[in-house]
Amino acid sequence: DPKRLDPLYDDKEEIVERWTLASLYYAMGGGESTMGGWIEKGDWLQDNGNGGGGGGNHVRRTTVLRRRRERRESRELVTAGSSSSRDESAPRTGRELQTRGVCTWYGIKCGKSGEEDEGRVTRIMLAENNLVSKLPHELALLKHLTFIDLRGNSIKGSIPPALASALSPKLVYLDLSENDLDTSVPRELFDAVQLQYLDLGSNKLTGALQPDVGRLSKLRYLSLADNYFSGSLPEQVGQLRSLENLSLRDNSFKGALPDGLYKMTALKSLRLFNNLFVGGVGEGVGNLRQLTQFIIHNNNFSGTLPDNLGSLTKLKYLYVHGNGWTGAPPASLGNLAQLKVLFLHDTDLRGRMPTQVCQLRQASSLGDLWADC
């Protein structure tokens with residue numbers, strides 16, 4: 001790092017940030033690799049003027065050589081009389097970090113002027129950029145991170161507990177979806193009590209959803225979709241009173257829905273389909289007045305559909321098919337004037353569709369109804 005070699009440069013925290021990002025770059029395939037390297041690099045590294053980096057233009061090489069010569073002369077002044085036998089004039093080969101600040105590097109954002117974290121790395125946004133291998137533990141050295149978006153890469157292995165613990169104090173946004181992460185979610189991640197957005201969907205994560213999830217009381221978005229989670233939902237999910245979107249689809253969750261679920265009154269979207277849930281939908285569902293999506297098909301639910309589904313007047317999508325419902329469809333479904341899709345097929349429901357529901361179709365608000373009218 002040319003800045004680390006500059007005796008007149010004293011921003012030690014930026015040196016640490018630069019070293020940490022260099023570790024990220026090399027650990028996750030930033031250079032040439034069997035996967036082809038990152039799609040966007042934004043010139044994180046530059047040719048140092050002695051080959052090995054390949055293809056840097058003459059102006060850049062000349063500039064870097066001049067800077068290296070100036071640094072070397074400066075070091076010679078500082079270390080005059082030293083008995084060191086190192087030949088400071090020997091050229092380095094390969095590539096070196098950009099001399100400009102990390103805040104200009106592709107996918108990196110820093111705190112703005114006047115903010116508490118001014119000039120420090122606060123965001124890493126390298127989604128869909130062909131990152132490979134494991135999350136480097138060095139990321140724990142970035143003490144000001146509030147936002148991490150690494151979705152859509154090929155990151156594998158586990159989420160290191162020490163990394164989760166180090167990132168927790170300020171982290172607001174974490175998206176690691178669409179990777180190859182496995183094992184269970186470390187408990188330390190639930191110490192990130194400032195989190196508002198957490199997406200771990202489309203990985204290979206296993207285990208149960210821990211009761212500690214209730215500590216993330218500021219969450220507004222949570223997705224664990226398309227993994228290998230199992231076990232019952234803990235009652236503590238009811239502590240997520242700010243949550244607006246919950247997606248647990250395509251897992252192996254089982255058991256009855258906890259009563260705490262019906263305390264999440266800010267929910268707008270609830271997606272539980274393709275799991276192994278049993279029992280019925282409790283009367284408490286009527287508390288979820290903000291719901292626009294209630295998608296619970298392809299589980300093992302049974303019993304009757306609660307009448308107070310009709311109190312969810314903001315519902316637009318109601319998918320309850322592929323379960324063991326019995327009895328007749330509740331007439332209160334006719335109160336759902338904003339409903340666009342209603343799927344009741346592949347169940348044991350009997351009787352005629354309530355006239356009120358059929359009238360929704362006739363009014364053209366209900367565009368897709370899989371039932372006879």
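Select Gly-231 first: this residue stands opposite Phe-253 in E15. You are looking at a predicted model.

**Stop 1: E13 and E15**

Show strand E13, residues 228-231, and strand E15, residues 252-255. The two strands pair in the parallel sense, over 2 bridges. Select Ser-230 and look across to E15: the residue opposite is Ser-252.

Which residues lie on its covered face, and which on its uncovered face? Phe-253 and Gly-255 make up the covered face. Ser-252 and Lys-254 make up the uncovered one.

**Stop 2: on to E17**

Select Lys-254 and find its bridge partner in E17, Leu-276.

**Stop 3: the whole sheet**

Zoom out. E13, E15 and E17 belong to an open sheet of 9 strands. Trace the order: E5-E7-E9-E11-E13-E15-E17-E19-E21, with parallel pairing. Which strands are at the edges? They are strand E5 (132-133) and strand E21 (324-325), and each pairs on one side only.

While you are zoomed out, take in the whole protein. It has 4 helices and 23 strands. Of its 373 residues, 48% count as buried. Take the contacts with a separation of 6 or more: residues 24 or more positions apart account for 53% of them.

**Stop 4: the aromatic rings**

Show the aromatic side chains. There are 10 aromatic pairs in the structure. Select Phe-229 and Phe-253. Why is this pair called stacked? The ring centres are 6.0 Å apart and the planes are at 5 degrees, so the pair counts as stacked; planes under 30 degrees apart meet that label. Phe-229 lies in E13 and Phe-253 in E15, 24 residues apart in the chain. Both residues are buried.

Next, select Phe-277 and Phe-301. This aromatic pair is stacked too: 6.1 Å centre to centre, with 10 degrees between the planes. Phe-277 sits in strand E17 (residues 276-279) and Phe-301 in strand E19 (residues 300-303). These two are also 24 residues apart. Are they buried or exposed? Phe-277 is buried, at a relative accessible area of 0%. Phe-301 is buried as well, at 1%.

Phe-229, Phe-253, Phe-277, Phe-301 and Trp-325 form one aromatic cluster.

The charged end of Arg-123 sits over the ring of Phe-147, 4.3 Å from the ring centre.

**Stop 5: the nonpolar cores**

In soluble globular proteins, nonpolar side chains tend to be buried together. Here, the largest nonpolar core has 86 residues.

Select Phe-294 and show what surrounds it. Leaving aside residues up to four places away in sequence, Phe-294 touches Leu-270, Val-281, Val-285, Leu-309, Leu-315, Tyr-317, Leu-318 and Tyr-319. Then look for a second, separate core of 5 residues, including Phe-273, Ile-295, Val-341 and Phe-343.

**Stop 6: Leu-333**

Go to the loop between E21 and strand E22 (341-343), where you will find Leu-333. At 1% relative accessibility, Leu-333 counts as buried. Leaving aside residues up to four places away, Leu-333 touches Leu-309, Leu-318, Leu-342, Val-357 and Leu-360. Draw a line from Leu-333 to Leu-360: the C-alpha atoms are 9.5 Å apart, and the residues are 27 apart in sequence.

**Stop 7: the disulfide**

Finish with the cysteines. How many disulfides does the whole structure hold? A search finds 1. A disulfide is a covalent bond between the sulfur atoms of two cysteines. Select Cys-103 and Cys-110, which are joined with an S to S distance of 2.1 Å. Their link is left-handed, with -100 degrees about the S-S bond. Compare the two ends. Cys-103 is partly exposed, at 34% relative accessibility. Cys-110 is buried, at 16%, because the label applies under 20%.

Methods:
Residues are numbered from 1 along each chain as its sequence is written. This is a predicted model: local features need pLDDT of at least 70, side-chain atom pairs count only at pLDDT 80 or more; totals for chains, interfaces and linings use all residues. Side-chain values use heavy atoms; hydrogens and water are left out. Rings of Phe, Tyr and Trp (its six-membered ring) pair if their centres lie within 6.5 Å; planes under 30 degrees apart count as stacked, over 60 as edge-to-face and the rest as tilted. Buried means under 20% relative accessible area, exposed over 50%, partly exposed in between (1.4 Å probe, protein chains only). A charge sits over a ring if NZ of Lys or CZ of Arg is within 6 Å of the ring centre and within 35 degrees of the ring normal. A nonpolar core is a set of buried Ala, Val, Leu, Ile, Met, Phe, Trp, Tyr and Cys residues joined through side-chain atoms within 4.5 Å. Contact means heavy atoms within 4.5 Å. Two strands pair if DSSP finds at least two bridges between them. A disulfide is a pair of cysteine sulfur atoms within 2.5 Å.
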